[in-house]
Amino acid sequence: MVTPSASGPTHELPLPPGTRGLPVLGETLEFLRSPHSFADTRLARFGKVYQSHLLGKPTIFLIGAEANRWIFAGEGRYLENEWSPAIRKLLGKTSLSLITGEAHKQRRKLLAPHFKRTAMAGTVTPLVRITRAHLDRWAREAERGPLAVVPRMRALVFEIAAIYLLGDTDDLGVGLDEFSRDFDTWVGGLFAAVPLALPFTRFGRAMQARGRIFGVLERLVEKRDREGRDDDSVLSTLLRVRDEEGRPLPRATVVDEIHLLLFAGHDTTVTSTSNIIYHLAMHPEAQARARAEQDAMVSSEYTLESLRAMPWLDAVAKESMRLIPPIGGAFRVMTEDAEFGGYRMPRGYRVAVGPRAAHREAESWPDPDLFDPERFLREADARPPFAWIPFGGGPRVCLGQHFAMLEMTVVVAMLLREFEWTLTPGQDPSFQIIPLPRQRSGTLIELRRRTHAAP
Ligand code: HEM
């Protein structure tokens with residue numbers, strides 16, 4: 001049974017089973033080395049609630065739709081968002097991800113209008129334009145041999161995110177390629193077990209990249225603020241907004257927020273779109289069906305409405321994110337003692353949200369290892385809320401989920417209409433898990449223009 005608050009005598013309850021590992025380090029190294037086998041062996045041994053000691057703290061893993069509901073409902077009541085020491089140093093202190101309570105609620109309110117699906121009608125045209133230019137380049141490059149999807153997707157998605165958030169990038173003062181490379185180095189530091197900023201460590205390099213990224217954004221924000229530019233970008237909104245006393249957001253907060261959005265809106269989408277392309281290559285029948293859906297579209301125009309009318313592609317994207325959730329997990333910290341599943345959840349303990357394990361829970365997902373997009377279309381497979389959580393849930397649900405779905409749909413739909421692809425034989429089939437789950441090879445494909453593409 002589940003009680004959401006600490007009203008009962010929770011101190012009498014047992015702690016969840018589990019192991020703690022070494023002093024100080026706990027089981028951090030085992031977790032970072034192989035997060036999936038770490039989770040799978042413990043699930044098999046201890047069940048859906050177990051404890052460990054990671055990244056400097058006792059950490060309880062809770063698995064399944066019911067556990068997810070309990071975690072998302074607990075925000076601000078018995079738990080709150082928590083990031084590892086490395087992530088806290090790498091993110092801007094006043095960004096949405098690091099603020100809590102009322103400040104978090106107000107900031108979401110401020111940003112929400114930009115991220116509603118209906119607000120994105122004007123985004124489709126630039127999205128199509130940028131994607132077309134990149135795919136034309138892909139086609140030329142593919143004539144010379146196998147194409148690595150992930151790095152090309154990074155360039156495409158980064159340009160889309162930059163245009164969406166900043167309006168344009170002419171005055172960025174640095175090339176998008178170089179800026180994107182710095183983000184890549186920055187991401188490399190997110191999971192440092194010991195966040196020491198020494199120049200030869202991954203975390204040290206990430207902190208140096210952070211310095212360069214913040215430098216670029218500080219100059220840009222200062223310039224845009226001075227110019228009083230008025231466009232539809234998220235940056236302009238952040239600069240225009242005033243509180244009840246007529247005060248603007250501090251410039252440092254605007255910088256923190258744009259930095260967070262560039263990161264959150266970039267690497268996740270690179271990963272998920274690349275993995276959709278991977279799954280469609282692995283399953284030619286699913287790719288053929290997705291292409292037939294494109295060919296059957298009444299109009300070749302992309303609009304918010306036409307993009308919504310692609311049920312198979314939507315199901316493929318969802319199934320791909322079920323099997324490989326782009327964000328492997330998120331942490332919360334208990335602010336009150338509480339109870340879940342008959343166990344004590346002590347104040348101060350970290351709680352881990354686990355999308356991958358939830359996406360394999362047998363009650364919700366029969367034959368969980370099978371790539372079966374149909375399960376998102378079959379009514380018989382209706383699942384409890386929070387069984388599928390690639391975008392999280394509750395007050396911290398992904399702010400950019402509609403934008404991400406739109407972006408992924410446009411990119412893959414355009415690819416399907418004009419091309420066919422297969423995986424290049426002989427490449428390393430394995431996936432890295434941390435920091436984000438991608439094929440180590442970068443997903444090498446043979447990309448061919450269709451001979452009978454639909455008009
Ligand atoms: C497929 C792509 C994406 C995936 C899988 C994804 C996933 C997630 C997840 C799981 C969370 C919740 C983390 C938690 O519970 O602590 C989250 C939060 C967030 N996402 Fe996304 N995301 C994606 C794309 C985007 C995009 C395109 C943007 C913006 C342009 C964005 C902005 C954010 C922000 C700002 C938060 C923090 C929300 C808060 O703390 O209130 N994400 N995302």
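**Around the ligand**

Tutor: Gladly. A polar side-chain atom of R332 lies 2.8 Å from an oxygen atom of the ligand. Keep in mind that this is a predicted model.

Student: Which residue is called a donor of the iron atom, and why?

Tutor: C398, through its SG atom at 2.3 Å from the iron of the ligand.

Student: Which residues come nearest to the ligand, and which elements supply its shell?

Tutor: Of the 27 residues around the ligand, H104, R108, R332, R396 and C398 come nearest. At least two shell residues each come from α5 (101-115), α11 (251-264), α12 (267-282), β6 (330-334) and α17.

**Strands and sheets**

Student: How do you know that β6 and β9 are paired?

Tutor: Pairing asks for at least two bridges, and β6 and β9 have four, so they are paired. Their sense is antiparallel, and R332 stands opposite V351 of β9. Strand β3 (residues 57-62) also pairs with β9 over four bridges, but in the parallel sense; T59 is opposite R350 there.

Student: What makes both faces of β9 count as covered?

Tutor: In β9 (residues 350-353), R350 and A352 on one side and V351 and V353 on the other are all buried.

Student: Why are β5 and β10 called edge strands?

Tutor: Three strands form an open sheet in the order β5-β13-β10, with antiparallel pairing. β5 (147-148) and β10 (419-423) each have a single partner strand, so one side of each has no neighbour in the sheet. Five bridges join β10 to β13 (residues 444-449), and F419 has R449 as its bridge partner in β13.

**Cores and contacts**

Student: Which residues have the most contacts inside the largest nonpolar core?

Tutor: They are M153, F179, W186, L262, W421 and L447, in a core of 100 residues. Beyond its neighbours within four places in sequence, W421 is in contact with residues including I277, L280, A281, L415, L416, I445 and L447. A second, separate core has 17 residues, among them I60, F72, A338 and V353. As a general point, nonpolar side chains tend to be buried together in soluble globular proteins.

Student: Is T237 buried or exposed, and how do you know?

Tutor: T237 has a relative accessible area of 17%, and the cut-off for buried is under 20%, so T237 is buried. It lies in helix α10 (residues 234-240), and a polar contact of 2.5 Å joins its side chain to that of H114.

Student: Is E301 buried or exposed?

Tutor: Its relative accessibility is 54%, and exposed means over 50%, so E301 is exposed. E301 is in the loop between α13 (284-295) and α14 (304-308).

**Backbone angles**

Student: What makes V24 stand out in its backbone?

Tutor: Its phi is near 65 degrees, a positive value in a residue other than glycine. Most residues other than glycine have a negative phi. V24 lies in the loop between β1 (2-3) and α1 (28-33), and at 75% relative accessible area V24 is exposed. D367 is not a glycine and has a positive phi of about 50 degrees; D367 is found in the loop between α16 and α17.

Student: How do you know which kind of peptide bond joins I434 and P435?

Tutor: Omega is about 5 degrees, and the bond is cis. P435 lies in the loop between β11 (431-432) and β12 (438-439).

Note on methods: Residues numbered from 1 in each chain as written. Predicted model: local features only at pLDDT ≥ 70, side-chain atom pairs only at ≥ 80, totals over all residues. Heavy atoms only, no water. Donors = N, O, S within 2.8 Å, 3.2 Å for Na, K, Ca; no water. Core = buried A, V, L, I, M, F, W, Y, C linked by side-chain atoms within 4.5 Å. Buried < 20%, exposed > 50% of the residue type's maximum accessible area, 1.4 Å probe, protein only. Contact = heavy atoms within 4.5 Å. Near = heavy atom within 4 Å. Polar contact = N/O pair within 3.5 Å; in protein donor to acceptor, adjacent residues only side chain to side chain.
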